[in-house]
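Let's walk through this one together, helices to begin with and then the sheet. Have the viewer open as you read.

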Amino acid sequence: MWAMILKEFLELRRDKRTMAMIVVLPLLLLVVFGYAANFRVDDVSTRVYGPQAQAVAAQLKAPFDVEEVDPSGTREQAVDDLRTQDAGAVVVTGESGGASTVLIDGSNQFAAQAAASASLASGGVLKPDILFNPELKTSWVMVPALIGMIMAFIGTIVTAIGLVRERQAGTLEQLAVMPFKASDVIVGKIAPYFVLAAVDMVLVTVLGCLLFGVPFSGNVLVLALGAVLFLFTVLGIGVLISSVSQNQGQAMQMALLTLMPQILLSGMIFPLAAMAAGVRWIGYLFPLTYFNMISNGVMLRDAPLSSLALPLGVLAGMSVLVFTAAVLRFRRDLAPAAPKKKTAAPAAAAAGSTR
């Protein structure tokens with residue numbers, strides 16, 4: 001029995017991927033739920049417009065974090081600021097002694113709840129007006145995020161497992177002797193998964209709008225562009241995982257290690273603004289974070305293309321980087337094995353036989 005126990009410990013020590021799951025995943029969950037699991041937003045980026053902007057800004061308290069005061073600002077300008085997420089709330093003041101209206105970005109649910117609660121607690125001085133998600137429905141915020149999560153699952157897990165299965169079946173060895181480029185093989189292999197993920201995206205988007213009443217206010221083409229860039233990125237991650245995995249179990253483990261932090265730190269569940277600074281910056285390293293910005297902006301706020309240039313640009317850079325790394329790594333797998341050098345033993349044996 002002790003020999004079996006020792007044998008299992010030795011095998012476990014040699015299995016680096018399983019050890020990573022045992023050690024890294026608990027540490028990841030500890031950090032996430034210790035520093036990131038927070039629904040309370042203490043600071044809401046705020047601008048103050050109107051004739052009494054200076055006086056009202058001096059009276060605002062947390063969670064309103066005043067970043068700009070403009071007495072010449074208008075309500076139309078305030079709506080544009082919220083649409084482009086230049087601010088989470090904009091206070092539009094009236095004439096002297098009149099109540100001020102707080103326009104709040106309802107697509108950022110937790111920040112909106114904090115701003116609305118503070119407005120209601122002001123004793124009538126501030127009147128909240130929530131835009132883009134007036135009733136602060138959770139489904140309106142979750143459906144755009146679920147679109148990205150579903151594409152990430154298909155692109156990472158299904159692609160990685162599918163390619164590893166082909167390696168175990170010997171299909172990749174057959175491709176190694178054919179005149180194919182690594183990029184041709186990768187594109188050919190991921191094309192079905194790309195189509196499948198795109199179909200699921202359309203299905204989830206349509207059902208989300210029909211079943212939960214989620215609006216689709218923006219440009220379909222902008223969302224499609226973001227989805228294409230995001231899919232190329234997650235499919236490339238799936239190819240990379242398959243290239244360093246020997247079996248489907250290892251591919252599943254590594255895929256979960258890449259997906260878990262994305263789901264927890266992308267702002268999908270916990271608001272990025274409520275996370276500790278160090279953990280928040282980790283969230284900005286994941287592609288799902290930027291696709292959530294795009295899907296949320298297009299569907300709920302009708303955000304213009306210019307305001308989504310940053311997340312689109314980051315996803316474009318990630319897709320090029322990851323796809324290039326996948327091609328380089330996959331090229332090694334497709335390289336035919338070098339022929340073995342002939343040993344001198346047969347020649348020596350033949351010489352000995354002629355004596």
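The crossing of α6 and α10 is right-handed. This is a predicted model, and in it α6 covers residues 138–169 while α10 covers residues 248–265. Their axes sit 9 Å apart, at an angle of about 165 degrees. Angles over 145 degrees count as roughly antiparallel, so that is how α6 runs relative to α10.

Which residues of α6 and α10 make the contact? On the α6 side, look for Met-149, Ala-152, Phe-153, Thr-156, Ile-157, Ala-160, Ile-161, Val-164, Arg-165 and Gln-168. Facing them from α10 come Gln-248, Ala-251, Met-252, Ala-255, Leu-256, Thr-258, Leu-259 and Ile-263. By type, the residues of this contact split into 13 nonpolar, four polar and one charged.

Now stay on α6 and bring in helix α9, residues 220–243. Here the two axes come within 8 Å and cross at roughly 35 degrees, and the crossing of α6 and α9 is right-handed. From α6, the contributors include Gly-148, Met-151, Gly-155, Thr-159, Leu-163 and Arg-167; Ala-152, Thr-156, Ala-160 and Val-164 of α6 also take part in the contact with α9. On α9 you'll find, among them, Ala-227, Phe-230, Leu-231, Val-234, Leu-235 and Ile-237. The breakdown for the contact of α6 with α9 is 13 nonpolar, seven polar and one charged.

On to the sheet. Five strands make it up, open and with mixed pairing, in the order β2-β1-β3-β4-β5. The edges belong to β2 (64–70) and β5 (126–131); each has a single partner strand, so one side of each has no neighbour in the sheet. From one strand to the next, the twist averages 25 degrees.

Helix α4 (residues 75–83) lies across β1 (44–49), β2, β3 (89–92), β4 and β5, and runs at about 25 degrees to β4.

Over residues 347–351, though, the pLDDT is below 50, and the stretch has zero contacts in the model beyond near neighbours in sequence.

How values were computed
Residues numbered from 1 in each chain as written. Predicted model: local features only at pLDDT ≥ 70, side-chain atom pairs only at ≥ 80, totals over all residues. Heavy atoms only, no water. Axes fitted to C-alpha atoms, helices over the stretch in contact; angles between N-to-C directions. Helix = DSSP H or I, 4+ residues; strand = E, 2+ residues; numbered from the N terminus. Parallel < 35°, antiparallel > 145°, perpendicular 65-115°, else oblique. Left-handed = near helix turned anticlockwise from the far one by under 90°. Contact = heavy atoms within 4.5 Å. Nonpolar A, V, L, I, M, F, W, Y, C, P; charged D, E, K, R; others polar. Pairing = 2+ DSSP bridges. pLDDT = per-residue confidence, 0-100.
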